Amino acid sequence: MNEQIKLFNKKEDCCGCSACANICPKGAITMEADGLGFLYPKIDEAKCIKCGLCKKVCSFNSNYDRSLNLNEPEVYAVRHKDLKEIVTSRSGAVFIALSDWVLNKNGIIYGAGYTGHFRVVHKRAVTKIERDEFKGSKYVQSDLNTVFKQVKNDLENNQYVMFSGTPCQTAGLRAFLKLTGVNIDKLFLIDIVCHGVPSPYFWRDYIDYIERKNKQKVIEVNFRDKTKFGWTAHKESFKLEDTYTYTYTYTYTFYQHIMFRRSCGVCHFTNLKRPSDITIGDFWGWQKVDSKFNADDKGVSLVLLNTEKGKKLFELIKPEINFIKTDTEHCMQPNLQHPSVIHPKRDEFEKDYIKYGFVYVAKKYGNLGWKYKVLNSLRKVKNRSKVLSWIWNLIRNKVK
C-alpha cells in the first residue's frame, strides 16, 4: 500500500496558495479554514491516487523558480499621469497603468476583490470598471478558490492575462502553470511588497463589530483612507448607511503581527529575487530620490522590474506614467530583506480568539478598552504623575 500523502509537517510550511488543490486531477484536495480562517489543504484519501502532483507543485520553499529573474531588478519610483487614478489608488497607481495596457489588448486581470459582505477573494475582471475593485490594499488573505484553473483556461485561449497577488500566490501560480505545460508568454505576474496576511475571520468579525457599534450596515470599506488622512496615514474608514466612521483598531492589530498566517514569519520571498515579472508597493523614502516627486502626498509607487518580460511591459506603459529610475539602495524596506517577525503571543491570541471571540482579543491585545488608553498615555506623557492621576480617576469612575 502506498504511503499516505502529507502536504506539510507544520502550519508554517503552508502559505495557502491553493496550487495543490488546483493541480489535483481527482479533486481530492479541498482548502479548509482553521480557527482564524486561514485555508489549509485537506486530502480525501478515498479519492487520492498518490500521483504526487500536489507535492511537486508546492513552491513555498527556498527552491522556488528564479530562472527568469534578472541578476538585479531595475528600480523605479512611479506616479500615474492622471491624478484621479492616484487619489483612488493605494500608492502611485502604477497597477492601473499596467492593467490598462492588458485590458486594451482584450486581456484579463486577476486581483483581490470582495464577495458577500466584504470577504476578500481573488476575482476575474475583463473591464476597467470590474478591475477598479482591485484598487487599494486589502489587508486580509484572499481566497483563491479555482482562480489558477481560470488563468490556465484564459492562457489556453490565447488571451493576455495579468495576475496580481502576494509573492506566495504568484509563485504558486507560476509553479502550477509550469507543471501543467501551459504557454505563459502572454502572462504577466505582479506581486506586492507584502507585510504579511492577517486573519480572514478577524476581519469578518471586525466588520460585524463596526455594524453593531454603529447600528448600521457597512456599505464601503477602505483599509487605508488616504483621501482624508493622506498617503502616509494608516487608518481604516467605513461608509455606513448614513455616516462614516474612522478607526485604527484593525490596523493596530495588523502591525503587531499577532494575527498573521504562521507562514508569514518564515516567508521565502522577502528578498530581491521576486517570483514575478514586476513587484509593486509603496515607495517609502521617495524623498531621497526626488524631494518634489510626491510633494502633494498623494502617493508614489515602488516598481521592481524582475524579468525581461517585466521590463518590456514597463516600456509599453511609460507614456501613461511619470517615473524616476533609481536603485535598490534607495528602495529597501524590511519586507524586501526579511520576513515580518511574528508576535510572541500569536499562539495565545489564536486560542483566546477561538474561545472568547473578537472583542475579547481586541481588548487584550488590541487598542479597544482602557488598558490600551493607559499604555498609550504613558507613552505620550512625560509627566507620569498626570497619567497616574488620570488612571485613578478612571478607576474611581468605574467603581461609581
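The model is predicted, with local features needing pLDDT of at least 70 and side-chain atom pairs pLDDT 80 or more, while totals for chains, interfaces and linings use all residues. Residues are numbered from 1 along each chain as its sequence is written, and side-chain values use heavy atoms, without hydrogens and water.

Helix 13 spans residues 346-356. Helices here are DSSP runs (H or I, at least four residues), numbered from the N terminus. Arg346, Phe349, Glu350, Asp352 and Tyr353 are its buried residues, buried meaning under 20% relative accessible area. These residues cover an arc of only 170° around the axis, which puts them on the same side of helix 13. The arc is taken over directions from the helix axis to the C-beta atoms. Their cover includes helix 8 (200-214), helix 10 (249-254) and helix 14 (358-364). Gly357 follows helix 13 and has a positive phi, near 95°.

In helix 11 (residues 308-317), Gly310, Leu313, Phe314 and Ile317 are buried. Their arc is within 100° seen down the axis, so they line one face of helix 11. An α-helix has 3.6 residues a turn, so residues three or four places apart point the same way.

Helix 6 (residues 147-156) and helix 7 (residues 167-180) pack at about 50°, with axes 10 Å apart. Phe148, Lys149, Val151, Lys152 and Leu155 of helix 6 make the contact (heavy atoms within 4.5 Å) with Gln169, Gly172, Leu173, Phe176, Leu177 and Thr180 of helix 7.

Key: Axes fitted to C-alpha atoms, helices over the stretch in contact; angles between N-to-C directions. Helix = DSSP H or I, 4+ residues; strand = E, 2+ residues; numbered from the N terminus. Buried < 20%, exposed > 50% of the residue type's maximum accessible area, 1.4 Å probe, protein only.
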